Amino acid sequence: MIEVKDLKKSFGPKLAVGGVTFNVAQGEVLGFLGPNGAGKSTTMRMITGFIPPTEGSVKIGGFDIVENPLPAKRLFGYLPENAPSYHDMTVSGFLEFAAEMRGLSGDAKKRAVGAAVEKCFLQRVIHQSVDTLSKGFRHRTCFAQSIIHDPQVLILDEPTDGLDPNQKHEIRTLIKEMGRTKAIIFSTHILEEVDAVCSRAIVIDRGLIVANGTPAELRGRDEKAGAVLARFAGGPGEARDARGKIGALGGVAKVDVVSESPIVVRVHPKEGWNGADLANSIGEMAAKERWTLAELRLEEGRLDEVFRSITLGDRAGGKEDRK
Amino acid sequence: MSRIAPIKTIARRELAGYFASPVALVFIVIFLVVSGFFTFMISRFFERGEANLDGFFLWHPWLYLILVPAVGMGMWAEERRLGTLELLFTMPVTPWQAIVGKFLAAWAVLGVVLVLTFPIVLTVNYLGNPDNGVIVGGYVGSMLLAGSYLAVTAMTSAMTRSQIVSFLLAVVICLFLILAGWPPVTDLFTQWAPSWLVDTIASFSVMTHFESIQKGVLDSRDVLYFASVIGFCLFCTGVILRAHRAG
């Protein structure tokens, strides 16, 4: 549904987005991650046709956003960053306006407004003027605007920004549910949302895509992923005893001591070795040595670690190869 | 969806915006009070004993100089400040539909103000026997004048996110449009410049065209002048908005 091809944007000499390519299919929720100023909002503004790209193209449902903007714009709903809305209108007035702009009128309009109000829990404030609303309600009002015409494509720029934990949960649930039938892109810098909502995630840094995959694949890029964490309640007199003995097991590449007291070690398997088998042999060894294991688990890798390593990592290292 | 529907939707939203706040009401009251004051106290409407509204329309270019930029200053500046421009331009509308819709709504507010001056028409008809054709011409001219100032304001409003800056720029440009044909200014030129130059400069002025419509002659050239000012300024609005989005 969304085809982004080699999208570039420069503001004067400054390159904000330096060639971004990806597709989003129906039934897919794409998380768009990146540090502040990475070019997430600029990319979304180009996808929605608000700002023209310097180079590259965007197609929504097959329509080019620059060449053929109206049919393309009819297909998507958009929640811009900071969720702007007209402050002089009531919530219902604003949503009716949005519905009319989407070509709805009469009963269809009423139904659309009613459905959006219900989905976004706005019943309580429907007759209130937007400028009297709290930030959370304003945000959801703008969100309601984006789904009013039940679009096939949703583009959401930080949809959970400024919401309280309950509201965040509601919005995530809503996105996940809608993601089954729509193509959704949403940007965030909250990593837990990626696990909660996305079927795929893209990490963008300084205008370039640095990672693209399912949340599990991304987590797998953490060097801790697949390692075995063992915490002992009693047994090995000192951490290095445990380290030495475990290190002698087959298939162990490296043993890190995480903590001395209580003794916690992280065991990295060798290439080609399975972490689960390793956990078994550690368990057996513990039984033999009469160590008491308090915890033994396979580590999944953490998204925030991956995020940090790919967005900070290059900053120190390969600065030259990105221009 | 037809091309007109989004224009109507936008215009209706804008109109609701004007009347949701006390702004439109305040402007209406101020215009009526001030134009009444000028007509009766300065133009001495009653003492003149003439059955026409010259003394009423005379002040419009000056009243509009403040009133119209005040009505239109937020047209685009406010959209930019609130970020709703992004919302509007990612909906399925073309920029010209948005520009025309907003312009028509603000123009309609000015039309309402003008319609509410009807008691003066009743008064002059009650007291004397005026040429009502000339009066209608006066109103048409006044409306076109207001539209021209408004188009200028739309343009300055697109330039900035500050309403005050937009207001001041519009006042300066409109003042130029007035003064270019104002006798004290044209007299400065007549002393040394060839008469064709004076005429050219004066022809840029709203005053010459406004006054000629006031005389009751609805000359197509005068209408064309106002239409071109409106058209040109709205076109510039579109160019400015596009340039702003292109960054």
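Predicted model: local features only at pLDDT ≥ 70, side-chain atom pairs only at ≥ 80, totals over all residues.
**Notebook: where chain A meets chain B**

I started with the contact, which takes 29 residues from chain A and 25 residues from chain B.

Next I looked up the area. The usual way to give the size of an interface is often the accessible area lost when the parts come together. Here chain A and chain B bury about 2600 Å² between them, and 66% of that is on carbon and sulfur atoms. I also checked who supplies it on the chain A side: A:Phe50, A:Tyr86 and A:Met101 give 31% of the area that chain A buries against chain B, more than any other three residues.

**Pairs across the contact**

I went for polar pairs next and found eight residue pairs in polar contact between chain A and chain B, both residues at pLDDT 80 or more. Then I asked which parts of chain A touch chain B. β1 (2–11), α2 (69–75), β6 (76–79), α3 (91–101) and α5 (135–147) each supply at least two residues of that side. The largest share, five residues, comes from α3(A). Sorted by class, the side of chain A that touches chain B has 16 nonpolar, six polar and seven charged residues.

**Salt bridges**

Side chains of opposite charge can pair when their charged atoms come close. I counted three salt bridges between chain A and chain B. One salt bridge is A:Arg45 with B:Glu86, with the closest N and O atoms 3.0 Å apart.

Searching the whole structure gave me 17 salt bridges over all chains. I picked out A:Glu100 and B:Arg12, whose side chains meet at 2.4 Å, N to O. A:Glu100 sits in helix α3 of chain A and B:Arg12 in helix α1 (residues 4–20) of chain B, so this pair joins two chains.

**Inside chain A**

I then noted a salt bridge between A:Glu170 and A:Arg140 (3.9 Å, N to O). A:Glu170 is in helix α6 (residues 165–178) and A:Arg140 is in helix α5, so the pair ties together parts 30 residues apart in sequence. A:Glu170 is partly exposed at 27%, and A:Arg140 is buried at 5%.

My last pair was A:Arg172 and A:Glu193, with 3.3 Å from N to O. This one links helix α6 to helix α7 (residues 191–197) of chain A, 21 residues apart. Both ends are buried: A:Arg172 has a relative accessible area of 14%, and A:Glu193 has 0%.

Notes:
Residues numbered from 1 in each chain as written. Chains lettered and ligands numbered in written order. Heavy atoms only, no water. Contact = heavy atoms within 4.5 Å. Buried area = accessible area lost by both parts, 1.4 Å probe. Salt bridge = Lys/Arg side-chain N within 4 Å of Asp/Glu carboxyl O. Polar contact = N/O pair within 3.5 Å; in protein donor to acceptor, adjacent residues only side chain to side chain. Helix = DSSP H or I, 4+ residues; strand = E, 2+ residues; numbered from the N terminus. Nonpolar A, V, L, I, M, F, W, Y, C, P; charged D, E, K, R; others polar. Buried < 20%, exposed > 50% of the residue type's maximum accessible area, 1.4 Å probe, protein only.
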